[in-house]
Amino acid sequence: MTDLKSMTLEEITAALRAMGEPSFRGKQVFTWLHRGITDFDEMMNIPKSLHEKLRAEYYITVPTVARKQVSKLDGTIKYLWELQDGNCIETVLMSYHHGNTVCISSQVGCRMGCKFCASTLAGKVRDLTPSEMLDQVLFTQLDSGREISNIVLMGIGEPMDNRKNVLRFLELINHPDGMNIGMRHISLSTCGVVPGIDALAEDNLQLTLSVSLHAPDSTTRSRIMPVNNAYDVEELFAACHRYFKKTGRRISFEYAMIDGVNDHDWQADLLAEKIHGMPGHVNLIPLNDVVESEFKPSKRVAAFQKRLESHGLTATVRRSLGGDIDASCGQLRRKEMKAREGAAQ
Ligand code: SAH
């Protein structure tokens with residue numbers, strides 16, 4: 001059986017033509033899928049006989065809501081979706097004055113091993129398909145009734161570790177006959193997989209690249225992010241500078257402030273030095289306290305921000321949303337996994 005929603009319009013059209021159908025059927029089927037139909041029967045302008053032919057060879061992915069938490073503080077919604085194979089993934093919907101942003105996952109779990117992150121504690125189970133990434137946007141919009149204007153690939157998983165599917169997802173979500181979300185409204189975040197950054201520079205998409213840096217020196221970065229042993233700070237910054245030269249696009253550096261680890265003034269100075277030569281933007285994130293983690297939130301966020309600004313850098317502090325609903329970094333999925341383990345025993 002083939003996953004129909006992961007196919008491009010051209011592929012669907014070709015497959016239907018091979019079944020003896022006219023070309024215009026491709027666009028009809030594609031449009032229905034991207035409106036969120038859950039069964040072939042719902043494709044109203046398509047003959048019943050074709051519903052059955054499609055059903056014999058293809059399936060339509062449909063996630064179900066395993067849990068949904070709505071923040072009383074700011075309306076942020078966190079979804080825990082159950083996929084058809086029983087795996088669960090998280091999606092967060094945040095509403096700002098300029099629109100609704102959805103934060104989606106790219107993998108079930110993650111194998112990058114960042115020490116402060118809850119998503120990676122149990123490792124990676126599998127990659128998400130393009131349709132499963134698309135469904136997070138589509139079904140979040142349908143369930144919440146809020147139109148999605150922006151997407152950030154900052155949920156569970158490392159997008160550059162599932163690059164092929166992520167690129168196809170971008171192509172699908174961007175399609176005028178689909179959800180038609182512009183690349184300028186999409187951010188992709190990586191923990192620093194250098195070949196992925198170089199490949200993305202070649203693709204020259206108009207999306208925003210975020211790099212989860214978290215430390216400007218390799219000693220500190222290796223301590224908190226194992227990926228630094230594969231691609232260290234020097235290699236990472238070289239790739240970022242190449243990316244800027246090639247695309248002319250400003251990179252956003254994510255920096256989660258950890259008490260006594262990466263919040264010293266000398267690290268702000270070093271960070272400014274490393275970014276020098278391109279228009280970087282530093283996004284300081286107050287560390288989310290993960291129970292299992294030895295790392296604690298820094299108390300120097302404002303001071304660190306001032307220090308960066310004294311070097312002429314733009315530094316913002318990420319506003320925390322959904323503080324009452326575990327709305328970050330794999331915490332809800334982790335709770336659910338633990339609950340299920342408990343129930344099985
Ligand atoms: N794997 C990609 C996508 C995940 S994005 C990446 O690393 O960029 C999620 C962002 O949240 C990353 O910047 C990650 O480093 C950060 N993060 C993870 N755990 C966190 C925590 N406990 N507090 C604050 N930020 C955290």
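This is a predicted model: local features need pLDDT of at least 70, side-chain atom pairs count only at pLDDT 80 or more; totals for chains, interfaces and linings use all residues.

Author: Residues are numbered from 1 along each chain as its sequence is written, and side-chain values use heavy atoms, with hydrogens and water left out.

Reader: What makes up the area buried between domain 1 and domain 2?

Author: Buried area is the accessible area (1.4 Å probe) that two parts lose on being put together, summed over both. For domain 1 and domain 2 the value is about 1,200 Å², and carbon and sulfur atoms give 57% of that. On the side of domain 1, Lys5, Ser6 and His34 supply 43% of the area buried against domain 2, more than any other three residues.

Reader: Why are the buried residues of helix 1 said to line one face of the helix?

Author: Helices (H or I, at least four residues) and strands (E, at least two) are DSSP runs, numbered from the N terminus. Buried means under 20% relative accessible area, exposed over 50%, and partly exposed in between (1.4 Å probe, protein chains only). In helix 1 (residues 9-18) the buried residues are Leu9, Ile12, Thr13 and Leu16. Seen down the axis of helix 1, they fall within an arc of 100°, so they line one face; the arc is that of the directions from the helix axis to the C-beta atoms. An α-helix has 3.6 residues a turn, so residues three or four places apart point the same way. The cover over the buried residues of helix 1 includes helix 2 (24-35) and helix 3 (48-57), while the face turned away from the buried side carries the exposed residues Glu10 and Ala18.

Reader: Why is the pair of Tyr79 and Trp81 called stacked?

Author: Rings of Phe, Tyr and Trp (its six-membered ring) pair if their centres lie within 6.5 Å; planes under 30 degrees apart count as stacked, over 60 as edge-to-face and the rest as tilted. By this rule the count comes to three aromatic pairs. In one of them, Tyr79 and Trp81 have centres 4.8 Å apart and planes at 10°, and the pair is therefore stacked. Tyr79 is buried, with a relative accessible area of 0%, and Trp81 is buried at 2%.

Reader: What makes Arg35 count as lying over the face of Trp32?

Author: A charge sits over a ring if NZ of Lys or CZ of Arg is within 6 Å of the ring centre and within 35 degrees of the ring normal. Arg35 lies at 5.0 Å from the ring centre of Trp32, over its face.

Reader: Why is Asn204 called partly exposed and His214 buried?

Author: Asn204 has a relative accessible area of 40% and is therefore partly exposed, whereas His214, at 6%, is buried. Asn204 lies in the loop between helix 6 (194-203) and strand 11 (208-212); the place of His214 is in the loop between strand 11 and helix 7 (218-224). Neither is a glycine, yet Asn204 has a positive phi of about 50° and His214 one of about 65°. Most residues other than glycine have a negative phi.

Methods: Contact means heavy atoms within 4.5 Å.
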